[in-house]
Amino acid sequence: MMQDRSPPKRTAIRAAADGTQLELFRSVRGDIAPRDAQDLMTWPFFSLAKSPRTAPIAFKMGETWISVEAVPEHGMATIWDADILIWAASQIVEARDAGCATSRLIATTPHEILTYLGRGTGRDNYDRLKAALDRLQSTTVATSIRQQHQRRRHRFSWISEWKERLDASGRPLGIELILADWFYAGVLDSGLILTIDPAYFRLTGGLERWLYRVVRKHGGRQVGGWSFDVAHLHKKSAVMSPLKRFAFDLRDIVRRQAIPGYVLEIDRSLGRERLNFAPEPIDPFMVATRRVRLKSAR
């Protein structure tokens with residue numbers, strides 16, 4: 001079956017909760033590269049735990065500060081919930097690069113999001129998707145990032161609101177969601193977006209997912225790679241476990257080389273633990289094979 005690669009469409013105009021007039025942006029299916037927002041890759045905005053977290057995140061490093069609060073009913077938005085934001089960013093960037101108009105108000109279907117993220121489409125998966133949308137909507141964030149004056153407070157939820165759409169007979173048509181203006185503005189800034197490896201969605205651990213995003217943001221394709229003190233990484237993660245446990249889990253990720261596209265190493269030469277990471281060497285044969293496959297597919 002051919003995939004629908006037609007340009008995204010905008011239709012009905014609707015007022016957001018803040019009074020802003022929004023035109024509806026309809027998502028499309030297709031082989032769209034996943035993109036992530038660098039601000040979300042760098043700083044601790046999400047819970048890394050699979051069990052519900054209600055304890056707030058209160059993070060400060062230099063002039064940058066972040067406060068994340070959750071409600072007991074839903075818990076804090078998790079790094080798995082953030083996959084929905086990656087899907088949304090990918091849709092918006094794809095449309096923008098194609099010269100199409102975009103909007104914070106997106107119409108889509110649960111099936112489209114789930115298949116893009118490589119998840120199942122059974123009833124349990126639909127229910128988990130709705131729970132993720134609830135957490136993204138109920139979690140509140142305040143941050144100085146991208147504020148002209150660092151002391152200014154910008155408070156938002158990742159999703160301002162979302163709803164299920166039904167036809168006249170009550171059958172589901174899909175969902176609509178409104179993204180936070182802070183997030184949407186960052187996605188539209190091409191300098192704040194990075195393409196990520198689709199293998200990211202197959203990472204099952206919260207810490208290794210978080211670490212991939214940090215490594216991808218700071219390591220990029222630099223031959224020399226990058227490094228961080230383990231204690232510094234522990235602070236940036238905002239996990240609730242102590243440093244000793246964090247370091248143990250980090251060493252296990254290094255032992256398994258669990259981060260796609262990068263080689264990890266623990267360095268103790270300076271008397272303290274540092275994580276070194278660099279891109280995997282590129283295999284010229286694999287690159288040539290991929291080019292042949294792309295040409296034959298055209």
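View 1. F201 is buried, at a relative accessible area of 12% (buried means under 20%, exposed over 50% and partly exposed in between, with a 1.4 Å probe and protein chains only). This is a predicted model, where local features need pLDDT of at least 70, side-chain atom pairs count only at pLDDT 80 or more, and totals for chains, interfaces and linings use all residues. Residues are numbered from 1 along each chain as its sequence is written, and side-chain values use heavy atoms, leaving out hydrogens and water. The whole structure holds 13 aromatic pairs (Phe, Tyr and Trp rings, the six-membered one for Trp, with centres within 6.5 Å; planes under 30 degrees apart are stacked, over 60 edge-to-face, the rest tilted). Y116 and F201 have ring centres 6.2 Å apart and planes at 65°, so they pair edge-to-face. Y116 sits in helix α3 and F201 in the loop between β11 and α6, so the pair ties together parts 85 residues apart in sequence (helices, H or I of at least four residues, and strands, E of at least two, are DSSP runs numbered from the N terminus). Y116 is buried too, at 19%.

**View 2. F156 meets W158.** Here the ring centres of F156 and W158 are 5.3 Å apart with planes at 80°, so this pair is edge-to-face. F156 is buried at 8% relative accessible area, and W158 at 0%. Ring pairs join both to F45, F46, W182 and F183 in a cluster.

**View 3. S67 in strand β5.** S67 belongs to strand β5, residues 64-69, and is buried at 16%. Beyond neighbours within four places in sequence, S67 contacts I57, T140, V141 and A142 (heavy atoms within 4.5 Å).
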